[in-house]
Amino acid sequence: MSNELRTPLTQSRGSSFLKACFNGTNAFLGAGLVTLPYALSRGGWLSLVLLFLISIITFYTAILLKKCMDSDPSITSYLDIAERAFGKTARIIVLIILSTELYLVAVGLIILESDSLYKLFPKFGIKLGSLLICGRQSFVLVTALIILPTMLITEMSILSYVSATGVFCCLIIVGSIVCVGAFGGVGYHASGDLLNAGGLPTAVSLYIFCFAGHAIIPSIYISMRDKNQFSKVVFFSFLLITITCMVTAVTGYLMYGDGVESQITLNLPTTEVSARVAIYTILLIPIARYALMVTPVANAIEGGLSEDYKNWRSVKLLIRMALLVSSTAVAYVFPYYETLMAIVGSLFTVSVSFVLPCMCYLKLSACYRSWNYKLLGSVGIIAFGTLVGVLGTYSSIAELVQEY
C-alpha cells in the first residue's frame with residue numbers, strides 16, 4: 001500500500017509562513033466553491049450559521065491533527081496518525097476512504113468540465129458512424145481526451161506545481177461572479193428563504209465538502225520551516241477560505257435566488273465578458289487537478305502489487321488509463337454534480353475532517369480516560385459529524401432516486 005496520500009500541494013522542506021498559508025488555502029479551495037449558492041438556496045439564509053460552524057470545527061480538527069503529530073515525531077502523514085492510534089487495520093481503512101474520496105472528486109471534475117463546456121457550446125455533438133452523441137454526454141468524452149495527456153505524467157512532484165493555479169482560479173471565479181452581479185445587469189435583488197429545513201442536509205453536505213483537505217494537513221506541517229507558526233497558518237488559511245465561501249454563497253444567492261443552478265457558472269450569461277472569464281476559468285480546474293486527484297489512488301493500487309510489477313512504467317500508465325476510463329464512464333451515466341459532491345461531503349469528508357481527527361486525538365492523548373472539556377468537545381464533534389453524515393447521505397441518495 002502507498003505510504004501516503006497527497007492532494008494538490010507545492011511541497012518543499014522549510015516552507016515560509018506565506019508559502020504554508022498558500023499551500024493550506026490551495027488544499028481546500030476548489031471546485032466545490034461553485035456549488036455554494038445552490039447549497040444556500042437549499043438551506044436558506046440561516047444555514048450560513050452552519051457554514052460558519054463547520055469552518056470553526058474543521059479549523060479545530062486541523063489543530064488536533066497537529067497535536068497528534070507532536071505526540072510521535074515519526075508521524076509524517078494522515079495514514080501514520082491512523083496507524084499509531086488504531087493499528088495497521090485502521091491505516092488500510094483510512095487509505096480506502098481517502099482513495100474513494102479522491103476518485104469521486106475526480107469523477108466530479110469530469111462532470112464539472114462537461115457541464116461548463118455544454119454551457120458554452122450547447123449545439124455540439126459527436127457522430128461515430130450511425131451513433132450520434134449529443135449534449136453533455138459528448139463533452140464527457142471530450143473532457144476525457146483533454147485530460148488524457150496529464151495522465152502520462154506519473155511524478156507527483158511535477159503535477160503539484162500545476163495545482164498552484166487553484167487558488168488564483170478560485171479568486172478569479174469569485175471576482176467574475178461579483179462583477180456579473182454588479183455590472184452585468186443581473187443585480188442582487190433575490191430575497192430567498194430564511195430557512196428551508198428539508199434542504200438543510202444537502203446544504204450542510206455541500207458546505208462540508210468545501211472544507212475537505214485534512215489529509216494534507218500533516219504534509220503542510222512537516223514542510224514548515226517554523227512549526228510554531230502552524231496554528232497561525234491554519235487560522236489565516238481558514239479565514240480566507242471562509243470569507244471566499246461566504247462571498248460566493250451570498251453573492252450567487254442574491255443574484256438568482258431559488259433559481260440558482262447546482263453550479264453558479266451555469267446561470268451566468270455567456271454574453272458578458274466577466275461571465276465568460278468565470279466559465280473559462282472553471283474549465284482550467286478539472287484539467288489542472290484531475291491527475292492530482294487520481295495519482296494518489298493509482299499509487300495506492302501500485303502499492304498492492306508485487307515488487308516485480310509496481311515500478312514498471314507501463315503498469316503505472318495502465319492503472320491511470322483504467323482510472324480515467326472508469327471515472328469517465330461514471331460521469332457519463334451520473335450527471336448530477338451537486339449530488340455527488342453532497343455524498344462525498346456527508347460520507348467521506350465527514351469521516352476525514354470531523355470524526356477521525358477527534359478519535360485519533362482522544363486515543364493518542366489519552367483524554368478519553370477522564371471527563372474533561374477536550375473529551376466533551378471531541379465527542380460533540382463526532383456526534384455532530386455522524387448526525388450530519390447520516391442525514392446528508394440519506395438525503396442525497398433519496399434525491400438521486402427521485403431524479404432517476
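Leu-36, Pro-37, Tyr-38, Ala-39, Leu-40, Ser-41, Arg-42 and Gly-43 are the buried residues of helix H2, where buried means under 20% relative accessible area, exposed over 50% and partly exposed in between, with a 1.4 Å probe and protein chains only. That makes H2 a mostly covered helix, with eight of its eight residues buried. Helices here are DSSP runs of H or I with at least four residues, strands are E runs of at least two, and both are numbered from the N terminus.

A quick word on the model: it is predicted, so local features need pLDDT of at least 70 and side-chain atom pairs count only at pLDDT 80 or more, while totals for chains, interfaces and linings use all residues. Residues are numbered from 1 along each chain as its sequence is written, and side-chain values use heavy atoms, with hydrogens and water left out.

**Around H2**

What do the buried residues of H2 pack against? They pack against H3 (47–70), H9 (200–209), H11 (230–256), H14 (337–365) and H15 (373–403), with contact meaning heavy atoms within 4.5 Å. Leu-36, in H2, is in contact with Tyr-207, Cys-210, Cys-245 and Ala-249, leaving aside neighbours within four places in sequence. Leu-36 and Leu-51 are 15 residues apart along the chain, and their C-alpha atoms are separated by 9.9 Å. Thr-35 sits in the loop between H1 (17–28) and H2 (36–43). With the neighbours within four places set aside again, Thr-35 is in contact with Leu-206, Ser-262 and Tyr-337. Just after H2, Gly-44 takes a positive phi of about 90 degrees.

Here are some buried residues and their values:

| Residue | Relative accessible area |
|---|---|
| Thr-35 | 0% |
| Leu-36 | 0% |
| Cys-170 | 1% |
| Cys-245 | 1% |
| Thr-328 | 9% |

**Cores and cysteines**

The largest nonpolar core has 120 residues; such a core is a set of buried Ala, Val, Leu, Ile, Met, Phe, Trp, Tyr and Cys residues joined through side-chain atoms within 4.5 Å. Tyr-207, Phe-230, Leu-268, Ile-285, Tyr-290 and Phe-354 have the most contacts inside it. Take Ile-285: not counting residues up to four places away in sequence, Ile-285 touches Ala-31, Leu-109, Cys-169, Cys-170, Ile-173 and Tyr-290. There's also a second, separate core of five residues, including Leu-117, Leu-120, Phe-139 and Ile-279.

**Elsewhere in the fold**

Thr-328 is found in H13 (residues 313–333). Thr-328 and Thr-143 are 185 residues apart in sequence, yet 8.6 Å apart in space, C-alpha to C-alpha. Not counting residues up to four places away, Thr-328 touches Ile-110, Val-140, Leu-141 and Ala-144.

H4 (residues 78–86) and H5 (residues 88–120) pack at an angle of about 145 degrees, with their axes 7 Å apart. Axes are lines fitted to C-alpha atoms, for helices over the stretch in contact, and angles run from 0 to 180 degrees between N-to-C directions. The H4 side of the contact is made by Tyr-78, Leu-79, Asp-80, Ala-82, Glu-83 and Phe-86, and the H5 side by Lys-88, Ala-90, Arg-91, Val-94, Leu-95 and Leu-98.
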